[in-house]
Amino acid sequence: MSEKGPENLGDVLGRLFTARGWGRLSERSRLEGVWAEVAAEWPGQTRVLSLRRGILEVEVRNGVLVQELAQFHKRKLLGELRKKLPGQTLTDLKFRAGAW
């Protein structure tokens, strides 16, 4: 048996983050923070639900705001998100009414 020697700390931490799912939580927190920045005009009225296959789904407090965001602000919001999240693939935004 040969001894490998000490492992690189970055490699050990990378495996730990992957095993525990912490990387996904960090990505989620970053996405929520960026969304809060770009949607600052509507504080407390929206929240990130999910990001699947490049589509960011956002829950909105009421149907009127869903329509406003989808019809008048979607393109701008998507552009801002793409600028602030350059490594993330974002193809669309979906808004849905909800209450929380």
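**Entry 1**

I take a salt bridge to be a side-chain nitrogen of Lys or Arg within 4 Å of a carboxyl oxygen of Asp or Glu. With that cut-off I looked up Glu 37 and Lys 84, whose side chains meet in a salt bridge at 3.1 Å, N to O. The pair connects distant parts of the chain, with Glu 37 in helix α2 and Lys 84 in helix α3 (residues 63-84), 47 residues apart. The model is predicted, with local features needing pLDDT of at least 70, side-chain atom pairs counting only at pLDDT 80 or more, and totals for chains, interfaces and linings using all residues. Residues are numbered from 1 along each chain as its sequence is written, and side-chain values use heavy atoms, with hydrogens and water left out.

**Entry 2: the chain overall**

I noted 3 helices and 3 strands. Both kinds of element are DSSP runs numbered from the N terminus: helices are H or I with at least four residues, strands are E with at least two. From the N terminus on, I read the order as α-α-β-β-α-β.

I then looked up burial. I use buried for under 20% relative accessible area, exposed for over 50% and partly exposed for what lies in between, with a 1.4 Å probe and protein chains only. Of the 100 residues in the chain, 28% are buried. The chain exposes about 7,400 Å², and carbon and sulfur atoms supply 52% of that area. These accessible areas come from the Shrake-Rupley method with a 1.4 Å probe; for residues, only the protein chains shown count as cover.

For contacts I use heavy atoms within 4.5 Å. Among contacts in the chain with a separation of 6 or more, 56% are between residues 24 or more positions apart.

**Entry 3: the sheet**

In what order do the 3 strands of the open sheet stand? I found β1-β2-β3, with mixed pairing. The edge strands are β1 and β3, each pairing on one side only. On average, neighbouring strands of this sheet are turned by 25° against each other, direction ignored. I count two strands as paired if DSSP finds at least two bridges between them.

Strand β1 (residues 46-52) pairs with strand β2 (residues 55-60) in the antiparallel sense over 6 bridges. Within that pairing, Arg 47 stands opposite Glu 59 in β2. The hairpin of β1 and β2 has 2 residues between the strands, and in this hairpin Arg 53 takes a positive phi near 50°.

I checked Val 60 here: its bridge partner in β3 is Ala 97.

I also looked up how helix α3 sits against the strands. Helix α3 lies across β1, β2 and β3, and runs at about 160° to β3. The angle is taken between N-to-C directions on a scale from 0 to 180 degrees, with axes as lines fitted to C-alpha atoms, for helices over the stretch in contact.

**Entry 4: Asp 92**

Asp 92 is in strand β3 (residues 92-97). Is Asp 92 buried or exposed? Asp 92 counts as buried because its relative accessibility is 18%. Leaving out residues up to four places away in sequence, Asp 92 touches Gly 54, Ile 55, Leu 56, Lys 74 and Leu 78.

Asp 92 also forms a salt bridge with Lys 94, the closest N and O atoms being 3.6 Å apart. Lys 94 is at 42% relative accessibility, so I log Lys 94 as partly exposed. Lys 74, Asp 92 and Lys 94 are linked in a network of salt bridges.

**Entry 5: the other salt bridges**

How many salt bridges does a search of the whole structure find? The search gives 7.

One of them joins the side chains of Arg 28 and Glu 32 at 2.7 Å, N to O. Both residues lie in helix α2 (residues 22-38), 4 residues apart, about one turn of the helix. Arg 28 is partly exposed at 31% relative accessibility, and Glu 32 is partly exposed at 33%.

Glu 37 is partly exposed at 49%, and Lys 84 is partly exposed with a relative accessible area of 33%.

**Entry 6: Thr 46**

Thr 46 is in strand β1. At 13% relative accessibility, Thr 46 counts as buried. Its side chain and that of Trp 35 are joined by a polar contact of 2.8 Å. A polar contact is a pair of N or O atoms within 3.5 Å; within protein, one must be able to donate a hydrogen and the other to accept it, and residues adjacent in sequence count only if both atoms are side-chain atoms.
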